[in-house]
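Hi,

Here is the structure I promised to pass on. Have a look at it first, and then read on for what turned up.

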Amino acid sequence: RIPWKKLQITKKMGRQILSIMREETHGVDVVLMFVLSFFTERIGKFIYERFLHRFRNNVDYDDSITRQVSETISEASRLAVVCYFVDAIEVMLEVTGIKGKKVDVSTMMAKLIYATWACLR
């Protein structure tokens, strides 16, 4: 059965969730992950066209190693955003009492996500 009563988040629980999230996450990390996940390829293309293109004759950005590196960084940072989101959900479930604190699901999910990504990469 689904514990519907536990899903209601009171003001006290909301404050507790926010305080835990403030302790566990850092604003600079979150901003950096969002910037890297959405703008890495543009930044990589800019750097390649401005500085690195002159060292590689007749190689476009799409065929360069710079594009591959920027894609890899972008994918890794997107996965980090997903892991942060799973961690936030786990904190909410712990505060509401639905999930116990013995098993760390977010860490297991992060390991599974990164291992799967590395294998498929």
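I17 has a relative accessibility of 9%, so this residue counts as buried, the cut-off being under 20%. Keep in mind that this is a predicted model. I17 sits in helix α1. Leaving out residues up to four places away in sequence, I17 touches I9, V91, M92 and V95.

M21 is in contact with A88 and V91, if you leave aside its neighbours within four places in sequence. As a bit of background, nonpolar side chains tend to be buried together in soluble globular proteins.

Now for the two helices. The axes of α1 and α3 come within 10 Å and cross at roughly 140 degrees. That angle is why α1 is called oblique to α3. Their crossing is right-handed. On the α1 side, the contact is made by M13, Q16, I17, I20 and M21, and on the α3 side by A88, V91, M92, V95 and T96. Sorted by type, the residues of this contact are 8 nonpolar and 2 polar, with no charged ones.

Cheers

Notes:
Residues numbered from 1 in each chain as written. Predicted model: local features only at pLDDT ≥ 70, side-chain atom pairs only at ≥ 80, totals over all residues. Heavy atoms only, no water. Contact = heavy atoms within 4.5 Å. Axes fitted to C-alpha atoms, helices over the stretch in contact; angles between N-to-C directions. Helix = DSSP H or I, 4+ residues; strand = E, 2+ residues; numbered from the N terminus. Parallel < 35°, antiparallel > 145°, perpendicular 65-115°, else oblique. Left-handed = near helix turned anticlockwise from the far one by under 90°. Nonpolar A, V, L, I, M, F, W, Y, C, P; charged D, E, K, R; others polar. Buried < 20%, exposed > 50% of the residue type's maximum accessible area, 1.4 Å probe, protein only.
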